[in-house]
Amino acid sequence: MKRARGGDGEEAPRQNATAGQRKSDQSDGDNSGCDLGQGDMQDEDDNPGIRREIRSKYRELIQSVQQNREDMLSPSNNKLTEVLEEANKLFKDVRQSREAALDAQLLVVTSDLGKEKASQLAAEGAAFDPTAFTEHLLSYMGLNRLNDGEDEQPIGDAIGYLPPDAWHKVAQRAESCFRAAPSFHYMMGSFHAEPPPPKQRMERQRKAPGKEVKRIMPTQLKKMGGSHQEATEKEVERILGYLKTYYQDDPTSPISYYEFVIDPKSFSRTVENIFHMSFLIRDGLARMYYDNYKLPCIAPVEEGEVEAGGSSIRKQCIVSISPKQWKELIEGYDIRVTMIDPSNMQPE
């Protein structure tokens, strides 16, 4: 580095431009159309004088915090706040790593000082002054230092008198600082078992009866019942006629019950035949018995047997059959045709 002598006889520093700086100067001349604002910012970033000034201010702030440490710890001193505000202003112009390192160093110094100051403030706030507490308490209780009241209580060595309700006032104020005890109750219920209270019965509102409607169906059903009964009686007589005819043709040969009532072509007609046969057995016009092979047989009852037995004797026969059993009986007895001709049935 060479120094050039000025007109006043002092030497001024003079820097030789490096090759990189010369190239940057040439490029600045070539790019004359760039934005002036960006060029000014770049000049400030590359200006060593401005960089040196920022670093010098950071060092001054760090030195000021270290030298005035005891004064800044005082609660009434705001010098630490001013240092932080000045550091925030300098940080806006930080561009290089050396400047950022100085900013970090200042932050460490101020943080330690702020922590120590905060601990001192907390310790001072936690200190208990009995004298100050007593003065505040007496003032709250209504201490009378001037008048000598007859009903007021003297305070030992202190000068003045307290009203009669002074301590009650303190007690009421202290109650608000404590939680009230919970009321006593059984956590799992009382030991005395009592029946539960009866539940109120909810009465439902009944609907008002509507208008009476003429009932025609029961009359029609009566007529249908009468016609159905007449048709049943005629069918029973017809089946009895078939039974007597088969019996008279060969009285010695037993008539199988299933062969007589089963219709191999219709399950419903088979059920109707069983139904009508039950009337014959009930009224004593026909009887059921088992042959030598324990198979059910049917035979008409002669007129003399009916008169001897009397009309008061009744017999009941219950026969159940399902479609599956109906098919099995047809195959077992090898029934091909029905013994009761369905073509001569009386229409109901």
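Good morning. The model is a predicted one, in which local features need pLDDT of at least 70 and side-chain atom pairs count only at pLDDT 80 or more, while totals for chains, interfaces and linings use all residues. Residues are numbered from 1 along each chain as its sequence is written, and side-chain values use heavy atoms, with hydrogens and water left out.

I begin with the overall composition. The protein has 13 helices and 7 strands; helices (H or I, at least four residues) and strands (E, at least two) are DSSP runs, numbered from the N terminus. Of its 348 residues, 21% count as buried. Here buried means under 20% relative accessible area, exposed means over 50%, and partly exposed lies in between, with a 1.4 Å probe and protein chains only. A contact, in what I say today, means heavy atoms within 4.5 Å. Among the contacts in the protein with a separation of 6 or more, 61% are accounted for by residues 24 or more positions apart.

Let me turn to a pair of helices. Helix H7 covers residues 130-141 and helix H8 covers residues 166-175; their axes come within 9 Å and cross at roughly 105°. The axes are lines fitted to C-alpha atoms, for helices over the stretch in contact, and angles run from 0 to 180 degrees between N-to-C directions.

Which residues of H7 and H8 make the contact? From H7 they are Leu137, Tyr140 and Met141, and from H8 they are Ala166, Trp167, Lys169, Val170 and Arg173. These residues divide into 6 nonpolar, no polar and 2 charged. For that division, Ala, Val, Leu, Ile, Met, Phe, Trp, Tyr, Cys and Pro count as nonpolar, Asp, Glu, Lys and Arg as charged, and the others, Gly among them, as polar.

Tyr140, in helix H7, is partly exposed, with a relative accessible area of 35%. Setting aside residues up to four places away in sequence, Tyr140 touches Lys169, Val170 and Arg173. Tyr140 and Val170 are 30 residues apart in sequence, and their C-alpha atoms are 8.1 Å apart in space. Ala166, in helix H8, counts as buried because its relative accessibility is 1%.

Three strands form an open sheet in the order E5-E7-E6, with antiparallel pairing. Strand E5 (255-256) and E6 stand at the edges with a single partner strand each, so one side of each is left without a neighbour in the sheet. Strand E6 (residues 286-290) and strand E7 (residues 296-300) pair in the antiparallel sense over 5 bridges; two strands pair if DSSP finds at least two bridges between them. Within this pairing, Arg287 stands opposite Ala299 in E7, and Tyr289 stands opposite Cys297 in E7.

E6 and E7 form a hairpin with 5 residues between them. Lys294 lies in the loop between E6 and E7 and has a positive phi of about 60° although it is not a glycine. Is Lys294 buried or exposed? Lys294 is exposed, its relative accessible area being 65%. Most residues other than glycine have a negative phi. Asp334 also has a positive phi, near 55°, in a residue other than glycine. Asp334 is found in the segment after helix H13 (323-333) and counts as partly exposed, at 46% relative accessibility.

Ser266 is found in the loop between helix H10 (257-261) and helix H11 (267-282), and counts as buried because its relative accessibility is 11%. A polar atom of the Ser266 side chain lies 3.3 Å from the backbone nitrogen of Arg269. In helix H11 itself lies Asn273, which counts as buried at 6% relative accessibility. Asn273 touches Ile239, Val261 and Ile340, not counting residues up to four places away in sequence.

Thank you for your attention.

Notes. A polar contact is a pair of N or O atoms within 3.5 Å; within protein, one must be able to donate a hydrogen and the other to accept it, and residues adjacent in sequence count only if both atoms are side-chain atoms.
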